[in-house]
Every structure is written in C-alpha cells, then in structure tokens.
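Keep the 3D view open while you read.

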Amino acid sequence: MIAIDLGSNTIRIVKWDCKKNKKIDEFEKIIKTADNLVKTKEISSEAIERIINAINEAKEKIDFNDKITAVATEALRRANNADEVIKTIKEKTGIEFRVITPEEEANFVSIAVENCLLNLEFDARNFFLVDIGGGSTELILKHKDTIISQSFRVGIVTLTQKYKTIEAIKIAVKKEVAKFRDFIDFIFNTYKKPKIFVASSGTPTTIAALKLGMNYKTYDPEKINGTIITIEDLDYWMEKLLKIEMKKREELVGVGRGDLIVSGIMIFKEILRITRYKECIVCDDGVREGLAISECRMGL
C-alpha cells in the first residue's frame with residue numbers, strides 16, 4: 001500500500017509491504033507547505049503547485065497502482081483555505097488528503113518508532129519521543145499500551161519565518177520550549193521517565209546523517225535508524241553550519257533547509273536540556289510509516 005504524509009515542510013511517501021511489514025519504496029521532497037503561513041494564514045498557490053508537482057514526480061518513480069492513504073498535518077490544520085487546498089490537490093492528482101488531529105499524528109509517529117526500535121532490537125515498551133515538524137512539535141510518551149501526547153505550535157518553518165534572525169530565534173526558542181516543561185514534568189512524574197529517548201523528523205535525522213558523513217544527496221534512511229545523538233553533536237554541527245555560506249550549508253542539509261535546520265537544532269537542544277537526557281536514538285520512520293502500518297493492521 002501507499003502512505004503519504006503532507007507535512008509543513010516536506011511531503012513523504014512510502015510504499016509498504018503489509019505481509020512482510022517492510023518498506024518497498026519511498027519518496028521525499030521539500031515543498032514548504034507552510035511557507036508564509038504565519039503571515040497569510042493560508043497555504044499559498046505556489047505551495048499548492050509544489051505539492052502537486054511533487055506527487056506527480058513521485059508517481060513517475062513509484063507504482064501508485066495500489067491502495068493509497070494520504071494525510072496532512074499542522075500546516076493544513078492551521079490554514080484557513082485547507083478545504084480548497086485539499087480539493088485542488090484531488091482535482092490535479094486524484095489523491096484526497098485527510099487532515100489529522102495532533103493525537104492521530106502522535107499515534108502514527110509512535111507506531112512507526114516502536115516498529116523502528118523493535119527492528120533495532122531495543123525494548124520498545126516504554127519510550128519518550130520528540131517529533132519536531134515544520135509547523136509543530138509533538139511530545140509523546142509511550143508507556144506499555146498507553147500513548148500520552150501533546151502538540152505544541154512550535155515548528156521550524158513557522159518559527160524561522162516569524163523571528164527572522166538567529167538571535168531572535170534563539171530567544172523565542174527558550175521562551176516557547178519552556179512551555180513544554182509542564183507536560184514533560186507531568187508525564188515523567190506520572191509514568192516514570194523512560195530510559196529511551198527517541199527523535200524522528202528532519203532535524204535529528206539530518207544531524208544523524210551529518211554525523212555519519214552523509215549529506216542530503218547521499219542520505220540513507222536505513223543507516224540513520226539507531227544513530228545516537230548528544231548535545232555535543234548538536235553544538236558541533238550548529239557551529240559548523242553557521243560558519244559556512246548558505247549554498248554549502250544547503251548541499252549538506254537540502255535546498256530550502258539551510259536556515260530551518262538551525263531553528264530545529266535550537267529546539268532539539270532545548271528539549272534535551274529540559275529532559276536531562278544525555279543522548280537520543282534517531283529513527284527516520286515517522287507519520288507515513290506509522291500510517292502504513294496502521295492501515296495494514298486494519299486490513300488484516
């Protein structure tokens with residue numbers, strides 16, 4: 001089956017083998033869904049065009065002659081013209097997106113990460129998970145069969161476009177991420193702090209790739225899963241990325257992500273500081289994989 005995740009910055013598509021519970025093929029492209037959303041409260045016509053073009057490009061690379069399920073997250077949750085966007089995409093591509101709630105998003109991510117951890121032979125019964133997106137950040141605790149989550153409207157695209165300069169973003173991150181503390185304290189006090197801290201989404205996977213000597217073009221998700229990241233890694237790459245010019249930076253992290261990765265590192269670092277974890281396991285798997293696994297389970 002095909003599962004599509006339309007995020008605030010990236011569209012991610014996976015073709016999944018339900019019987020073998022594994023990925024057959026994948027496609028990912030930066031489409032900046034949330035570009036200017038902070039200012040206009042709408043998804044721009046340029047962004048809609050980028051989404052349509054990306055889907056049509058994916059159709060050339062992946063056989064779409066399969067069951068398709070497609071979801072959209074924070075950018076579409078926020079946009080005043082979400083219905084119009086969904087209608088236009090369906091007219092041009094034949095694919096109908098469903099806007100999911102933050103709770104559904106957290107559930108899909110946790111399913112994907114649990115599957116990732118099991119494949120890496122970790123104990124996946126209890127973990128704390130962070131998903132830093134383009135328009136929001138999800139904090140998720142999995143405790144046995146219980147999933148507790150909260151979505152915060154702090155994302156790398158919206159934050160970067162709202163505050164512009166590095167200094168302003170740094171101040172904003174401290175202030176915004178401080179709001180995470182009550183939820184983190186509540187879940188750790190109620191359910192006990194898990195030993196495993198996992199991060200999925202673009203920022204941690206990019207840092208993991210850089211740590212492994214990859215860049216955007218040589219990125220290999222299979223090698224990313226299980227990579228350990230520390231605050232020292234974040235400090236090192238933040239300093240290194242800020243020292244190089246934007247063109248070189250984007251060769252490493254992807255076109256259109258040169259400024260966003262800096263905001264992502266700041267958010268990630270602040271979460272590590274608040275939670276007092278020494279390290280984090282990275283999983284490339286996210287909403288699209290969780291959506292695929294969930295649909296497969298329902299079909300069995």
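Start with Asn126, which stands opposite His143 in E7. That spot belongs to a pairing in this predicted model: strand E6 (residues 126–132) and strand E7 (residues 137–143) run antiparallel, with seven bridges between them.

Now zoom out. The open sheet has six strands, ordered E8-E7-E6-E9-E11-E10, and its pairing is mixed. Strand E8 (146–152) and strand E10 (228–230) are the edges, so to speak, each pairing on one side only. From one strand to the next, the twist averages 25°.

Two helices join in. Helix H8 (residues 181–191) packs on the sheet and touches E6, E7 and E8, with its direction at about 170° to that of E8. Helix H9 (residues 202–211) lies across E9, E10 and E11, running at about 100° to E10.

Next, the rings. Searching the whole structure turns up eight aromatic pairs.

| Pair | Type | Centre to centre | Angle between planes |
|---|---|---|---|
| Phe188 and Tyr277 | edge-to-face | 6.1 Å | 85° |
| Phe197 and Tyr277 | stacked | 4.9 Å | 25° |

Phe188 sits in helix H8 and Tyr277 in the loop between H13 and E11, so their pair ties together parts 89 residues apart in sequence. Phe197, in strand E9, is 80 residues from Tyr277.

Ring pairs link Phe128, Phe188, Phe197, Phe268 and Tyr277 into a cluster. Tyr277 also has a charged neighbour: the charged end of Lys193 sits over its ring, 4.3 Å from the centre.

Notes
Residues numbered from 1 in each chain as written. Predicted model: local features only at pLDDT ≥ 70, side-chain atom pairs only at ≥ 80, totals over all residues. Heavy atoms only, no water. Pairing = 2+ DSSP bridges. Helix = DSSP H or I, 4+ residues; strand = E, 2+ residues; numbered from the N terminus. Axes fitted to C-alpha atoms, helices over the stretch in contact; angles between N-to-C directions. Contact = heavy atoms within 4.5 Å. Phe/Tyr/Trp six-rings, centres within 6.5 Å; stacked < 30°, edge-to-face > 60°. Lys NZ or Arg CZ within 6 Å of the ring centre and 35° of its normal.
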